[in-house]
Amino acid sequence: ALSHYHCEIAERLLSDGDLKAAKRELVKAGRYDSDCLRVGLLLAALSMRQGRAGEALAVLQELLRSQPLWAMQILPLFKNAFSEMASTAEYVDALSRFGATTDSSYLAVELAGALAEVKGKAEALTYIQSVVKRRPTFKTLSCWLSLSDAEGQAELRLAIDEVLATRPVYQ
């Protein structure tokens, strides 16, 4: 709770433009809870405001490694930091590394979108199909649908039928 108190103060200081004081508050917050996602996100945002995208990227990569279930919160800042530092192809490589170690649907859909941009729709579709076969979610099924032509949509229908046929029946 005390880490969030210091994060509240830091957010106010960030919005007021007092970056040094915000950093001090975030250091205090980190002392109370070193695994606090909010502290990491605010530290990354602070680094971006200071023009230090590399520093922000390091913080965000550690957050993705240690707290992959929060990818939905982390990836927008991660993408922003990456866009300042590297190419979309390098962003795809980074997402692929994290995608190999987590089952985040949000990360899988983000990677599929980046793959479509860098390597084409066919590559993105192949990737998202492999994700759906391992762990289908509405988010990944929706992504498959958006990447598919008519033939791909028929294939998607078969995959959905397969999922429905294998679902557990509770009594």
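Predicted model: local features only at pLDDT ≥ 70, side-chain atom pairs only at ≥ 80, totals over all residues.
The largest cavity holds about 90 Å³ of space. A second topic is the packing of helix H2 against helix H3, whose axes lie 10 Å apart.

**The cavity and its lining**

- The lining of the largest cavity includes Gly99, Thr102, Asp103, Ser104, Ser105, Leu107 and Ala108.
- Tyr127, Val131, Arg134, Arg135 and Thr140 also belong to the lining of the largest cavity.
- Two helices, H7 (105-119) and H8 (121-134), each contribute at least two residues to this lining.
- By class, the lining residues of the largest cavity comprise 5 polar, 4 nonpolar and 3 charged.

**The packing of H2 and H3**

- Helix H2 spans residues 19-32 and helix H3 spans residues 37-49, and the two pack at an angle of about 155 degrees.
- Angles over 145 degrees count as roughly antiparallel, and H2 and H3 are therefore roughly antiparallel to each other.
- The crossing in which H2 passes H3 is left-handed.
- On the H2 side, the contact is made by Leu19, Lys23, Leu26, Ala29 and Gly30.
- On the H3 side, Val39, Leu42, Leu43, Leu46 and Arg49 meet these residues of H2.
- The contact of H2 with H3 has 7 nonpolar residues, together with 2 charged and 1 polar.

Definitions and conventions:
Residues numbered from 1 in each chain as written. Heavy atoms only, no water. 1 Å grid on protein atoms, 1.4 Å probe; cavity = no way out; pocket = protein on both sides within 12 Å on 5 of 7 lines; lining within 4 Å. Points joined across faces, edges and corners; volume = space filled by probe spheres on them. Helix = DSSP H or I, 4+ residues; strand = E, 2+ residues; numbered from the N terminus. Nonpolar A, V, L, I, M, F, W, Y, C, P; charged D, E, K, R; others polar. Axes fitted to C-alpha atoms, helices over the stretch in contact; angles between N-to-C directions. Parallel < 35°, antiparallel > 145°, perpendicular 65-115°, else oblique. Left-handed = near helix turned anticlockwise from the far one by under 90°. Contact = heavy atoms within 4.5 Å.
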